[in-house]
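Morning, everyone. Please hold comments until the end.

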Amino acid sequence: MAWEFAMTKAGPPKCNIVEPDAAADFEKRGIERLRYRGMRITRPRTMVLRVLGETRRPLGAYQIRDRVRERGGSIDVVSVYRILAALEDVGLAHRVGGTDGCVACTASRSGPHPAEYLICADCGCVEEVPIPQPALAEIGMAASRLGFQGRSTRIEVVGVCSHCR
Ligand SMILES: [Zn+2]
Ligand SMILES: [Zn+2]
Ligand SMILES: [Zn+2]
């Protein structure tokens with residue numbers, strides 16, 4: 001048992017707490033989506049989903065491997081990368097560039113989707129919010145004016161979260 005809140009007692013009290021219900025819900029939703037996409041439900045995939053669902057902090061592949069192993073699973077980093085790529089494809093995980101890690105998607109949208117990430121510079125938690133449609137359109141227009149064909153859009157806002165303020 002290595003829940004985030006058990007390990008960060010010294011940190012801000014409410015930050016990064018994912019209620020067990022919410023974590024279980026993410027795992028369940030993840031399994032349903034993998035099944036819907038015709039992907040096999042393997043133990044390593046399930047465990048990566050669980051590990052991602054239990055935190056609001058982005059995790060790198062090595063951290064995910066360690067956490068899976070703490071829970072008695074066996075997995076190597078190469079498999080973690082492969083699983084993360086698959087989860088990204090179906091919109092269950094996002095890579096947050098500014099933090100060099102992956103987070104569980106908290107929206108219920110299938111497939112890759114544009115998103116805005118609020119990254120706390122103090123505690124490292126990440127919150128996902130949708131990019132407002134007009135902003136998304138503006139960004140797309142600015143890109144096409146430069147002859148640039150965008151594939152995906154993400155916005156990263158660095159600041160201080162409500163728990164740390
Ligand atoms: Zn926070
Ligand atoms: Zn998302
Ligand atoms: Zn914070």
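Start with strands 1 and 2. Strand 1, residues 93-96, and strand 2, residues 101-104, run antiparallel and are joined by four bridges. Strands here are DSSP runs of E with at least two residues, helices are runs of H or I with at least four, and both are numbered from the N terminus. Two strands pair if DSSP finds at least two bridges between them. In this pair, R95 sits opposite C102 of strand 2. The two strands make a hairpin, with four residues between them. Look at D100 in that turn: its phi is positive, about 60°.

A word on provenance. This is a predicted model: local features need pLDDT of at least 70, side-chain atom pairs count only at pLDDT 80 or more, and totals for chains, interfaces and linings use all residues. Residues are numbered from 1 along each chain as its sequence is written, while chains are lettered from A and ligands numbered from 1 in the order in which they are written.

Now the whole protein. There are six helices and five strands. From the N terminus the order is α-α-α-α-α-β-β-β-β-α-β. The C-alpha trace spans about 50 × 45 × 25 Å along its principal axes.

Three strands form an open sheet in the order 4-3-5, with mixed pairing. Strand 4 (126-129) and strand 5 (154-159) are at the edges with a single partner strand each, so one side of each has no neighbour in the sheet. The average twist is 20° from one strand to the next. Strand 3, residues 115-120, runs parallel to strand 5, and six bridges join them. There, A115 is opposite R154 of strand 5.

On to the helices. How do helix 4 and helix 5 cross? Their axes come within 9 Å and cross at roughly 110°. Axes are lines fitted to C-alpha atoms, for helices over the stretch in contact, and angles run from 0 to 180 degrees between N-to-C directions. Helix 4 and helix 5 are therefore roughly perpendicular, a label for 65 to 115 degrees; under 35 is roughly parallel, over 145 roughly antiparallel, the rest oblique. Helix 4 contributes A61, Y62, I64 and R65 to the contact, and helix 5 contributes V77, V80, Y81 and L84. Contact means C-beta atoms, placed from the backbone, within 7 Å. By class, that is seven nonpolar, no polar and one charged. Nonpolar covers Ala, Val, Leu, Ile, Met, Phe, Trp, Tyr, Cys and Pro; charged covers Asp, Glu, Lys and Arg; the others, Gly among them, are polar.

Last, helix 3, residues 43-53. Which of its residues are buried? R45, M47, V48, L49, V51, L52 and G53. Buried means 20 or more other C-beta atoms within 10 Å of the residue's own, exposed means 12 or fewer, and partly exposed lies in between, with C-beta atoms placed from the backbone. Their cover includes helix 2 (20-36), helix 4, helix 5, strand 1 and strand 2. The axes of helix 3 and helix 5 come within 10 Å and cross at roughly 70°. P44, R45 and V48 of helix 3 meet S79, V80, I83 and L87 of helix 5. That contact holds five nonpolar residues, one polar and one charged.

Note on methods
Contact = placed C-beta atoms within 7 Å.
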